[in-house]
Amino acid sequence: MTAKLIRKIFVSIFFMYLFGIIFANYFGAWNFPAKTKTLPPNLIRERALVVGQVSNFAQFYEKFHKKRTKFTLKLKKINNVDLSRKNIKLFVDLNLWQNYIPDYGDVIEINAKIEEIDVKNRYETNQKYRNIYYKISENSIGNYKNIRKSDGFKEILVDTRKAVLNKILLLYQTGFPREILPAIIIGDTNFISKKTKDFVSSAGLSHIISISGMHLAIIFMIISFFFKNKKSWIFFVTILTAIWFYSLLTGFSPSCVRSAIMLTFLVVANVFGKSAFTINNLVITCFLMLVINPRQLFQISFLFSFLGVFSIIYFFDFWKNIFTSIFPKNPIKNKNQNLLKKIILYPIITLREIFFVSLAAQTLLSPFVCFYFKSLNLSSILFNLVFVPFVGIIMWLTFATVGVSYISLSFAKFLAVFNSFLLNKIFEICLALHDKFSIFIKASFDVFYLLNLVIFLLFLPILPDIKRNFRYLRLYLLCLIIFIFNMFLI
């Protein structure tokens, strides 16, 4: 059996699996997860003593001038009824009690009522895609207390995360760096103000503060810098341990898991001297994650993570070829090129590549952003050109300040001053550009229109083949007619 035939069989199975998930979710055929995770009726909407273990890193925020925290609780007991084997999770959102924020792995006791999630609340409805069907009733919460602190590996994770966070807060005590660096380094968004969150979201820079492939790639480059032989088993074990420990440390978000799995495939392929084709890598990663939890397919973070990477892979060469006349071929790769000229051109070439990556990512993501959020900032590519080139430097300097602080606190503070200056200046430039050059468009369309638009875009890179293949031309024209027809219907 040839590799090409195996690839075709796997792709067929993958798309049938995707169709099965969509069919099960939208046509009511999906009842099996709820049957294995249903609470007895007598325990719902009745005040009870709930004991459970915190299964994620808690977030805190302010609402109506009150400090609140939200987290996921894995049930252990309700009124001494053992439920630990059922693997039932609760969504908890409550006021802080004595400024206590639960740590990942803590076992806590709450006197409250349990309710089913509210289907009218979009945020709560999204919890079902994480296999969470119940919540602690907000108005029924009485006293709650910590029974047992996290232990074992969870304690190591919590202690490491706290140590890194405390060092960042010690070295960066004011302003934008204090808000943004905990999010960039360990995925802790608790210190970001509403104003900063709104700016980052509207500027299209959310991927900066959510741990994703860019962060893991920088971790990969930092570790690779210290290894000469990239095919050794020591490098293999070190890089995989670092990638997966960092993923756990930062909260194991879908984008982070996707990046960790893809990097694992790349490292394994590199050690064994094989090539890992990126599209295959992406499809296998998506398949593995959906096998573990099929409902992830309907999480926006999961969808945007895979769409963004697929769009970069699919459209990068297309946009690069279009702009070849404006941006000449990379002169740095020319061995005969003058060294000084290479140094001068390096920043320009870097910006060019970031421009292509941003444009490629936005090509397929933009319709979905309009579909979900009803608006789009066309200037987001400009903000990415300013911010993204410096993210690697900022991460390097932040890791350096944290590490050096254990040896020399004064030198670490000196590095932190330079890092803060750099970050503040970038933020000021982005803020000024956002105020003057932001171009927002509002759009609202249905699923059918979205599907037509995506098909239309997917045909763009194969336009040269359409000239040579009449079969492609007929299919493209059919999609174009349906797309235009649907535009007039809306």
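Me: How many nonpolar, polar and charged residues are in the lining of the second largest pocket?
Reply: This is a predicted model: local features need pLDDT of at least 70, side-chain atom pairs count only at pLDDT 80 or more, and totals for chains, interfaces and linings use all residues. Numbering runs from 1 along each chain as its sequence is written, and side-chain values use heavy atoms, without hydrogens and water. Ala, Val, Leu, Ile, Met, Phe, Trp, Tyr, Cys and Pro count as nonpolar, Asp, Glu, Lys and Arg as charged, the others, Gly among them, as polar. The lining has 15 nonpolar, one polar and no charged residues.

Me: Is tryptophan 396 buried, partly exposed or exposed?
Reply: Buried means under 20% relative accessible area, exposed over 50%, partly exposed in between (1.4 Å probe, protein chains only). Tryptophan 396 has a relative accessible area of 36%. Therefore tryptophan 396 is partly exposed.

Me: Which residues does tryptophan 396 contact, leaving aside neighbours within four places in sequence?
Reply: Contact means heavy atoms within 4.5 Å. Tryptophan 396 and isoleucine 218 are 178 residues apart in sequence, yet 8.3 Å apart in space, C-alpha to C-alpha. The contacts of tryptophan 396 are Ile218, Ile222 and Phe225.

Me: Which residues have the most contacts inside the largest nonpolar core?
Reply: A nonpolar core is a set of buried Ala, Val, Leu, Ile, Met, Phe, Trp, Tyr and Cys residues joined through side-chain atoms within 4.5 Å. The largest one has 61 residues. Beyond four places in sequence, phenylalanine 387 touches Phe176, Leu205, Ile208, Leu423, Ile426 and Cys430. The residues with the most contacts inside this core are Ile180 and Phe387.
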